[in-house]
Amino acid sequence: MLEGETLFNQGDKGDKAYMIIHGILDVVVDGKKVGSMRDGEVFGEMSLLTGASRSATVSAIRPVVLYEIGKDSLGQVMKNNPEVAEGLTKILIKRQKELNQARKGLDVQDKFEKEDSTLFNSVKNSLIKYFSS
């Protein structure tokens, strides 16, 4: 990706996640910059894992090299390694908390700690169902 290029916009449909091999990306939610991502970070997994629309706009602020992870390849990994669903569920919950904090500007950690068990099971079941289709 070139500097200034947008990879995807908030609300776009997505079925891929990405790993940053080299570069820096900005993350914008509801028109507000909420962070940057650098080498080695993974993003876009919420859309990949659930089929949900993109929760943020991601743009390159420097030239970027990315590794793309698609639904088909991840689905095969999950079928061969069911424990991967648990790890991915933890990632999804963490990202959802971060997104809620960015949107509200509040610390919602206490609320989510009480709901984690129910949320974990719900997200895990959704992952399994989504990748089974």
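Arg 54 sits in the loop that runs between helix 1 (45-50) and strand 6 (57-60). Keep in mind that the model is a predicted one. Although Arg 54 is buried, it makes no salt bridge. The nearest side chain of opposite charge belongs to Asp 15, and that is 5.6 Å away, while a salt bridge calls for a distance within 4 Å. Leaving aside residues up to four places away in sequence, Arg 54 touches Phe 8, Asn 9, Gln 10, Gly 11, Asp 12, Lys 13, Gly 14, Asp 15, Lys 16, Tyr 18, Gly 44 and Ser 47.

Strand 3 (residues 25-29) pairs with strand 4 (residues 32-37) in the antiparallel sense, with 5 bridges between the two. Within this pairing, Asp 26 of strand 3 finds Ser 36 of strand 4 opposite it.

Helix 2 (residues 71-80) has its own buried set, made up of Leu 74, Gly 75 and Met 78. Looking down the axis of helix 2, these buried residues fall within an arc of 105°, so they line one face of the helix. The general rule behind this kind of pattern is that an α-helix has 3.6 residues a turn, so residues three or four places apart point the same way. On the face of helix 2 turned away from the buried side, the exposed residues are Asp 72, Lys 79 and Asn 80.

Terms used:
Residues are numbered from 1 along each chain as its sequence is written. This is a predicted model: local features need pLDDT of at least 70, side-chain atom pairs count only at pLDDT 80 or more; totals for chains, interfaces and linings use all residues. Side-chain values use heavy atoms; hydrogens and water are left out. Two strands pair if DSSP finds at least two bridges between them. Helices (H or I, at least four residues) and strands (E, at least two) are DSSP runs, numbered from the N terminus. Buried means under 20% relative accessible area, exposed over 50%, partly exposed in between (1.4 Å probe, protein chains only). Lys and Arg count as positive and Asp and Glu as negative; His and the chain ends are not counted. Contact means heavy atoms within 4.5 Å. The arc is that of the directions from the helix axis to the C-beta atoms.
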